[in-house]
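Hi,

Here is the structure I said I would pass on.

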Amino acid sequence: MLDKYSVGLTAEACWVMAQGRQKHYAAHGEECTAENIYHAIMQYWLRAKNNYQGSDTYDPEAQVRATASAKFGASQESMK
């Protein structure tokens, strides 16, 4: 059963959308549904990713090093 789960170490935050909250969204209008909120968040992340990776200064290796440095330390030994 545990093979269906995985843990990602690259993200800095976790976003959770609880089930059964539709009554709270309704106060913001008919179009404010869980599906529309999810869609908006996904569009935001996809556009942000495309803008970030499309930048002239984007360097995937530098990003991996920065993430590893923040999580495991900046020493050369920990980078290996």
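Let's begin with Trp-45: it counts as partly exposed because its relative accessibility is 40% (buried is under 20% relative accessible area, exposed over 50%, partly exposed in between, with a 1.4 Å probe and protein chains only). Before you read on, note that this is a predicted model, where local features need pLDDT of at least 70, side-chain atom pairs count only at pLDDT 80 or more, and totals for chains, interfaces and linings use all residues. Residues are numbered from 1 along each chain as its sequence is written, and side-chain values use heavy atoms, with hydrogens and water left out.

Now the aromatics. Rings of Phe, Tyr and Trp (its six-membered ring) pair if their centres lie within 6.5 Å; planes under 30 degrees apart are stacked, over 60 edge-to-face, and the rest tilted. That rule gives 2 aromatic pairs. Tyr-44 and Trp-45 make an edge-to-face one, at 5.2 Å centre to centre with 70° between the planes. Tyr-44 counts as exposed, because its relative accessibility is 52%. Tyr-52 and Tyr-58 also form an edge-to-face pair, with 5.2 Å between centres and 70° between planes. Both partners are partly exposed: Tyr-52 has 46% relative accessibility, and Tyr-58 has 26%.

Where does Trp-45 lie? You'll find Trp-45 in helix α2, residues 34-53 (helices are DSSP runs of H or I, at least four residues, and strands are runs of E, at least two, numbered from the N terminus).

Cheers
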